[in-house]
Amino acid sequence: MIKKVLVANRGEIALRVMRSCKEMGIQTVAVYSEADRTSKHVSYADEAICIGQALSQDSYLNIEKIIAAAKDFEVDAIHPGYGFLSENADFARRCEEESIIFIGPSAASIEAMGDKISARRHMIRAKVPVVPGSSEDLKPKDLFRVCRKMGFPVIIKATAGGGGRGMRLVYEEKDLQEAYEAAKSEARTSFGNDSVYIEKYIESPHHIEIQFLGDKHGNVVHLFDRECSVQRRHQKLVEESPSPFINEKTRAAMGAIAVKAAKSIHYVGAGTIEFLVDDKMNFYFLEMNTRLQVEHPVTEEVLGVDLVKEQIHIADGKKLRFRQQDLRQRGHAIECRICAEDAEQNFTPSPGIIRHIQTPEGIGVRVDSFIYDGYEVPVYYDSMLSKLIVWATNRDYALERMRRVLYEYKITGVKTNIDYLRRIMDTRDFVKGNYTTHFIDDNSKKLQANKDDSQEIEDMAIIAAYIDHIVNGNDHSASVPADNRPISRWRAFGKQKGVLRI
Ligand code: ADP
């Protein structure tokens, strides 16, 4: 029986896992780096321990320090969250060796699916349709022959790839050699493994994935689909469930294939199969993620299932609590990833101190976050600050709701992509649910901030600075345009805008 869990992660996902533990009466232990001393997951946990310096290698990726903490605090299990060690087979194996339950699949499943070539081979064996391509390490001598046979365009991908790195799209043979070398070199630096293979490039695909759960008794169910085609540089930005693109027949077929794929490797825990779906609704296995995904809340909202609780339940050796026929999609959910980055400056990260947050409230809204007023966003980790999730009875209502909550969400002190996400919600293709992985590129002009918006933002910033100056005595004069610096100008401006009466 799991009574105490160490959460080997930080940020919103550490808190999200702890929240489910709390509901289940399970004690939690937080691990944190020096840069995360003031992080919310640390104060939320029942116990906490600093495991090293800010750099991930010294803390959140340090297997032995985490195992030592787990033993010191006598935990029954470790939840790895996503990222960091969540798909590290050595970590899962170390947990097994120390008789600590790893809340996730076996080391063997992680290994089988972690390497893209190995995953493709397993899926081909299980008769799961994979993206056409090669299934072995692509050697220089075979490069041209294999790609010519496949036909251009092709995509060169790192075998150990992840996070959109180590990938190169090649339209013409003349660019092949250079792209091959670039992909190999990026793979070497990012993953310490320069093995690459090729896939046929599917033009304008949808990225649609299926969530599934498998228990230790051989039962597997799927929890339907998530549409994740709104991507910037192959990184997801907005996700929704159900997908507005596929029909019921395709949805059912994809679900059945996902169950078959999971069963073929005796998968235990929560997992996701990512598919590319072409314009004719043919779908192809892309990869399996052997962990909880960032976008899991949209599934939770639509299914009414707490995936973390199910993960713990499964790790405890219990049988799945539902059969396939018990699961139905109800209504519609959308998630937006809120990041500390400057969308107007090529999405450069914007770390710093959060001055003030106004969190959206009201019907159908869920905010999975870890930030608070005065929190300093560290430079060392991912720029995601929170996930904003809405649920409503249908897609139109969910979209209306997302517009409303993005309007309510205010974060000052660091730059965020909130305005950018608002523009996505107003883009015709998104509104119609008619978009592919090229959505961001195809709509780049429409997604740019227009002058009126930026003027409005500047006006608001000036007024906010003025109020902060009067109420709190803080001086923002340096951040206000020169011609507006004198206090009298701020006051005049505020009055002219009708927000100040003093
Ligand atoms: P990573 O593991 O690095 O995230 P994936 O294999 O999951 O890489 O692919 C990420 C994204 O890249 C996909 O969602 C899709 O947008 C694009 N992509 C990957 N492979 C292909 C392909 N064969 N054809 C078209 N787009 C692809």
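Select E199 and show its neighbours: leaving aside residues up to four places away in sequence, E199 touches R120, V131, P132, G133, V154, I155, K157 and L286, where contact means heavy atoms within 4.5 Å. This is a predicted model, in which local features need pLDDT of at least 70 and side-chain atom pairs count only at pLDDT 80 or more, while totals for chains, interfaces and linings use all residues. Residues are numbered from 1 along each chain as its sequence is written, and side-chain values use heavy atoms, with hydrogens and water left out.

Stay on E199. The residue lies in strand β8, residues 196-200; strands (E, at least two residues) and helices (H or I, at least four) are DSSP runs, numbered from the N terminus. Why does E199 count as buried? Its relative accessibility is 2%, and buried means under 20% relative accessible area, exposed over 50%, and partly exposed in between (1.4 Å probe, protein chains only).

Next, select the ligand. It is surrounded by 22 residues, the closest being K116, K157, G164, H207 and Q231; a residue is near a molecule or strand if one of its heavy atoms lies within 4 Å of it. At least two residues of this shell come from each of β6 (154-158), β8, β12 (269-277) and β13 (283-289).

- K200: a backbone N or O atom lies 3.0 Å from a nitrogen atom of the ligand.
- I202: a polar backbone atom is 2.9 Å from a nitrogen atom of the ligand.
- Q231: a polar side-chain atom lies 2.8 Å from an oxygen atom of the ligand.

On its own the ligand has 560 Å² of accessible area, and the protein covers 95% of that. Accessible areas come from the Shrake-Rupley method with a 1.4 Å probe; for residues, only the protein chains shown count as cover.

Move to helix α4, residues 89-97. A89, F91, A92, R94 and C95 are buried there, and the buried residues of α4 pack against α3 (63-72), β4 (77-79), β5 (101-102) and α5 (107-114). At the start of α4, a side-chain oxygen of N88 comes to within 3.0 Å of the backbone nitrogen of D90. After α4 comes S99, with a positive phi near 55°.

E111 is partly exposed, at 41% relative accessible area. Leaving out residues up to four places away in sequence, E111 touches A89, R93 and S118. The side chains of E111 and R93 are joined by a polar contact of 2.9 Å.

Finish with the nonpolar cores. A nonpolar core is a set of buried Ala, Val, Leu, Ile, Met, Phe, Trp, Tyr and Cys residues joined through side-chain atoms within 4.5 Å. Which members of the largest nonpolar core touch the most other members? Among its 39 residues, they are V5, L213, L223 and L327. The core draws at least three residues from each of domain 1 (4-103) and domain 3 (206-451), with bounds from an automatic or database domain assignment. Apart from it lies another core, of 38 residues, including A343, L388, Y420 and I424.

Terms used. A polar contact is a pair of N or O atoms within 3.5 Å; within protein, one must be able to donate a hydrogen and the other to accept it, and residues adjacent in sequence count only if both atoms are side-chain atoms.
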